[in-house]
Amino acid sequence: MLKLSVIGTGYLGATHAAAMSSLGFEVIGVDTDETKIAQLNLGKVPFFEPNLEELLTQELASGRLKFTTEVSDAADCDVHFICVGTPQLKDSLAADLSYVNASLHAVAKIAKAGSVIVGKSTVPVGTAERLSKELQAINNQVELAWNPEFLREGFAVEDTLRPNRLVVGVTSDHAENVLRQAYKPLLENNVPWIRADLPTAELVKVAANSFLATKISFINAMAEICEAAGGDVTVLAQAIGYDPRIGSRFLQAGIGFGGGCLPKDIRAFMARSEELGAKQSVEFLREIDSINLRARQRMIDLVRADIGNDLKGKKIAVLGAAFKPDSDDVRDSPALDIAAQIHASGALVMVHDPKAIIPARARHPELTYSESIEDVVNAADVILHLTEWKIYRELDPQLLKGLVKHPVIIDGRNALNRELWLKAGWKFRALGRSSAS
Ligand code: UDX
């Protein structure tokens, strides 16, 4: 049985380590952050992800999974998965590769002959070939492969154990065979296996995320047209989605995409394509980014259209801070960005979220937060529905009507049942649905 290490125990790494252990491998998770390692060894996940804490506790108890701050503890491993972050650089569109570079160099020094280092982090195309050369200079007994990760927050465990495909960028049969062994239990379930070269494997990830971002911005562009023409984007999305060539998923119009992947990945892709002399090929992603950011502004415009241009002294109730439901991630969250911009215009903004209040407060301490929906909507001039948590769909409009100052709700995610709210006497607004009354 192979022994595996996972370098970087953030969102991707912690999930990968626990999931691979659950497949029966001995796994050691390595991170430089002592607090994180101490927490993980106690079975605590430092972020919210459904089912992960249970899996972590189970795997620690099995004795197969351990976490350490010492990379040398991983010296006897056969495969080293690099799962560190590649955030956007502060002063450019490009990705910060310092964590990937540092981990590769650290592992290169301790890896045993015949082992394979496998990058899972999202990197600009060309990174793996460069790192491969650097690896050969330090340790020519070890190979580098690239195996991009496609997991979605909120479904991380599910996506890791039941991926819709496995893509491996390799330069030898040995590396492919080692990876086939590591993923054997998944391959037995007929998960498609794609062998590629290093640049193609890197590109698959950014191409997939660019396509998803494009799909969301496409429907948000249609939402803008529906608003101008008096149409309803939810009906339009349903209608075009029945064409199997288009498909109905990722056609949910609203305040757009955020999170730690889509926005930074399309920007890094633009930056890298320019370096490659292929700027024009992905120039359309600039428009995808603009449409996406415009959706946030359109939401704010809707608020102003309803309660007046001057937001000073108005109470705005915000439902949702996370960038999507079932996550406490507020990185580049459209919901939190909108809340902060409205606050900056002088309104009193009160934010509710079932899981993301602590990270949201760390980013935007100027906003007011409450764990009680009643507190948040109490005497509100308008309610904004910005993250489609299930509990918001289950709200009773009749009950809430007695708490607010004005019964006005704006659905920024097109996820609420409009008829229900209208029937209870609310003024219902939504992005891309100008026919709402
Ligand atoms: C994404 C990719 O889906 C995943 O494959 C990759 O590995 C990492 O990036 P994630 O960031 O977890 O995953 O979120 P995703 O579910 O893709 O949603 C991204 C954003 O798009 C969210 O803010 C979501 O609210 C928004 N979105 C999604 C829409 O606005 N409309 C949609 O129809 C779908």
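How many Å separate the centres of domain 1 and domain 2, taken over C-alpha atoms? The gap between those centres is 29 Å.

## The model and its parts

This is a predicted model, where local features need pLDDT of at least 70, side-chain atom pairs count only at pLDDT 80 or more, and totals for chains, interfaces and linings use all residues. Residues are numbered from 1 along each chain as its sequence is written, and side-chain values use heavy atoms, with hydrogens and water left out.

The protein chain splits into domain 1 (3-196), domain 2 (206-288) and domain 3 (294-430); these bounds come from an automatic or database domain assignment. In the contact between domain 1 and domain 2 (heavy atoms within 4.5 Å), 12 residues come from domain 1 and 11 residues from domain 2.

Together, domain 1 and domain 2 bury about 950 Å², with 62% of it on carbon and sulfur atoms. Buried area here is the accessible area (1.4 Å probe) that two parts lose on being put together, summed over both.

There are 0 salt bridges between domain 1 and domain 2, a salt bridge being a side-chain nitrogen of Lys or Arg within 4 Å of a carboxyl oxygen of Asp or Glu.

## Around the ligand

Now for some oxygen atoms of the ligand. One is 2.8 Å from a polar backbone atom of Gln252, and a backbone N or O atom of Leu151 lies 2.9 Å from an oxygen atom of the ligand. In Lys324, a side-chain N or O atom is 2.9 Å from a ligand oxygen atom.

Definitions and conventions:
Polar contact = N/O pair within 3.5 Å; in protein donor to acceptor, adjacent residues only side chain to side chain.
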